[in-house]
Amino acid sequence: MEPLIKTVDLRLKYPGGKQLFHDLTLSIHQGEKILILGPSGSGKSTLLQVLSGLIPQVVEIPMVAKELALPDSWGYVFQDPDSQFCMPFVDEELAFVLENLAVPREYMQGKIDDLLLQVGLHLHDTHKSIRELSGGMKQRLAIASILAMEPEVLFLDEPTAMLDPEGTEAVWDTIKKVGKEKTVIIVEHKIEHLRDFVGRVIVLDEKAEIIADGPTEVIFSECIPLLKKYGIWYPDVWQDYLKGRELKERQIVEEGPPIIVLKNFSGFRGKERKIKVQEAVITKGEWITIIGENGAGKSTLLESLMKLLKTEGKYELEGKGVKALPTDSITFVFQNPEFQFVTTSVFDEIAYTLRLKKVDEIEIKKRVEELMVRFRLSHVKDHHPYQLSMGQKRRLSVAAAVVHQPKILLLDEPTFGQDSKNTFSMLEWLEMIKSEGGTIVMVTHDLHIVEEFADKIWLLEDGELASILSNEAFQSNQRSRREHHAVGAL
């Protein structure tokens, strides 16, 4: 049987960037379920775009191949959901797809409601501005818009990266259901949800060359040393990391003058209150993780602490009331790293804040090079930030935010899009910052990070800080929940 998708001797080169795919040859047959793995920057997303035809038909990038066969009917979910929306409102985005499929107007609202239900996007009013949605809610909408097309081939580029654990499970259940008879090609780090779905795994190395290609169980049993070498996610990677990690007592943060105090604190988008904190205190040297369902207000809370939104109530930083943007002692890493890029090279991006502070160029060079090594960016130091992979962009955004050594780091999903090696390296570096007295406030959906690194956990529900838990109390709750589920499954 002829393959549905085929490339022979594929080569591609980004303008001003490195060459990818040195004579890459690959065949995919109808109905296959394939997972593409590789370290950050290995070309996984680029390969997905080539296999769909987005490159070079839509994104014009120099590319040659001796042979190229592409699917006729396909849908693509991007790593960044904002990049695929055409309309300003949720219902209009889905109606746009349905109109192109000639669905009669009288059936549209029912179809829209059904699609949103499939992906677990619950809205009181479907005529809601897309820009008001959280990152996770946008991902659900992007998936719904693709499901509306009923394509024969699904290309999925980390479609659940910003979803909470429950949302991730629900969305993958939906994709498995609708993709049963389809060809599905996936780039994803949360592989625990896919082991029973994908039948084939393709592994790329950092040079975008295929180093393994075979049945899922063979790759995840015989190729673990290879996956470890390149820092690629695999089942039980967290357990292996924790076994090899030096066992040490969690640092007890000494009670002292609080660094942040909130009381009757609220953040607003327009005139609408989006986040409320009755009372909370953060002590110097604490690591706080903020968790909650998509849309609970996690990113909004960080933006409020940075005074990027209108706020009300008591907000003290180092004993002083905060009235304007607190830039000297506190810094913020956005969920979308591109929001904060202001220069045209990786080196200049990290150096930017130091140059504003008139730091000596010799000192700047020293600090920037140290951070580029730490965050594995040295090989792309002259690249434009927009030329980087999503994982590299995330690391750059963190490096640029911390180069001036602020006292408080606000981090919105900093490990999103990272391979395992870079994830663990970043976490250990943040742990070092904390040991030196730095304070970390991190939004994350990864419960491994919460359990292993956080001192306290802030749980947000429906736009409010619902509870503050110690790490021990949180883990006790998690054990009780797992035991409850285990009993319920019997």
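1. In this predicted model, threonine 168 counts as buried because its relative accessibility is 2%, below the 20% under which a residue is taken as buried. Threonine 168 belongs to helix α6, which covers residues 165–178, and, leaving aside residues up to four places away in sequence, it touches Thr160, Leu163, Lys190 and His193. Aspartate 328 lies 160 residues from threonine 168 in sequence, and the two C-alpha atoms are 37 Å apart in space.

2. Which residues of α12 are buried? They are Ile364, Arg367, Val368, Leu371 and Met372, and because they cover an arc of only 135° around the axis, they lie on the same side of α12. An α-helix has 3.6 residues a turn, so residues three or four places apart point the same way. The cover over the buried residues of α12 includes α11 (346–356), α13 and α14 (420–435), whereas the face turned away from the buried side carries the exposed residues Ile362 and Val373.

3. The second largest pocket holds about 910 Å³ of space, and its lining is made up of 38 residues, with Tyr14, Gln49, Leu388, Ser389 and Lys393 lying nearest the centre. The elements that give two or more residues to this lining are α1 (44–52), α2 (54–57) and α13 (390–402). By residue class, the lining of the second largest pocket divides into 18 polar, 13 nonpolar and seven charged residues.

Terms used: Residues numbered from 1 in each chain as written. Predicted model: local features only at pLDDT ≥ 70, side-chain atom pairs only at ≥ 80, totals over all residues. Heavy atoms only, no water. 1 Å grid on protein atoms, 1.4 Å probe; cavity = no way out; pocket = protein on both sides within 12 Å on 5 of 7 lines; lining within 4 Å. Points joined across faces, edges and corners; volume = space filled by probe spheres on them. Helix = DSSP H or I, 4+ residues; strand = E, 2+ residues; numbered from the N terminus. Nonpolar A, V, L, I, M, F, W, Y, C, P; charged D, E, K, R; others polar. Buried < 20%, exposed > 50% of the residue type's maximum accessible area, 1.4 Å probe, protein only. Arc of directions from axis to C-beta. Contact = heavy atoms within 4.5 Å.
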